[in-house]
Amino acid sequence: HLNCDGVELTLFPNPVHDNFYVQADLVDVHYSYVLTDVIGKLIAEGKLTGEYTAFSLTGYPAGTYYLKIKYGSGSEDYSTFKIIKD
């Protein structure tokens, strides 16, 4: 769980096999995200889409990934999920 400016975000499942999801406790969220591998290579970026947002790591190797959720305009206004792909 992450608390992003008062909105609870949950990532599941973790560890991940192929697909994972971020659930927000608020339907109308407009946070942007960046998904990277452990060395910072960009995999995906975009916006969370409502209550559930789906992500895919299909075809990517097992390892550690990071999903950074940006919830404000300041440089410190983000939270990061650590994702383990098995």
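Below is a short chat about aromatic residues in a predicted model.

Colleague: Which residues make the nonpolar surface patch?

Modeller: Phe12, Tyr21 and Tyr52 make that patch, and its area is about 280 Å². Ring pairs also join Phe12, Tyr21 and Tyr52 into a cluster.

Colleague: Where is Phe12, and is it buried or partly exposed?

Modeller: Phe12 belongs to strand β2, which covers residues 7–12. Phe12 counts as partly exposed because its relative accessibility is 31%, and buried would mean under 20%.

Colleague: And strand β6, which residues are on its covered face?

Modeller: Thr53 and Phe55 are on the covered face of β6 (residues 52–56). Tyr52, Ala54 and Ser56 are on the uncovered one.

Colleague: What does β6 pair with?

Modeller: Strand β3, residues 19–24, pairs with β6 in the antiparallel sense, over five bridges. Tyr52 in β6 is the bridge partner of Gln23.

Colleague: How many aromatic pairs are there?

Modeller: The count is six aromatic pairs. One of them is Phe20 with Phe55, a stacked pair with 4.9 Å centre to centre and 10° between the planes. This pair links distant parts of the chain, since Phe20 is in strand β3 and Phe55 is in strand β6, 35 residues apart.

Colleague: Why do Phe20 and Phe55 count as buried?

Modeller: Buried means under 20% relative accessible area. Phe20 has 0%, so Phe20 is buried. Phe55 is at 5% relative accessibility, so Phe55 counts as buried.

Colleague: New topic. Where does the charged end of Lys68 sit?

Modeller: The charged end of Lys68 is over the ring of Tyr78, 4.4 Å from the ring's centre.

Technical notes
Residues numbered from 1 in each chain as written. Predicted model: local features only at pLDDT ≥ 70, side-chain atom pairs only at ≥ 80, totals over all residues. Heavy atoms only, no water. Patch = residues over 30% accessible without salt bridge, like charges linked within 9 Å, V, L, I, M, F, W, Y side chains within 5 Å. Areas by Shrake-Rupley, 256 points an atom, 1.4 Å probe, with all protein chains shown as cover. Salt bridge = Lys/Arg side-chain N within 4 Å of Asp/Glu carboxyl O. Helix = DSSP H or I, 4+ residues; strand = E, 2+ residues; numbered from the N terminus. Buried < 20%, exposed > 50% of the residue type's maximum accessible area, 1.4 Å probe, protein only. Pairing = 2+ DSSP bridges. Phe/Tyr/Trp six-rings, centres within 6.5 Å; stacked < 30°, edge-to-face > 60°. Lys NZ or Arg CZ within 6 Å of the ring centre and 35° of its normal.
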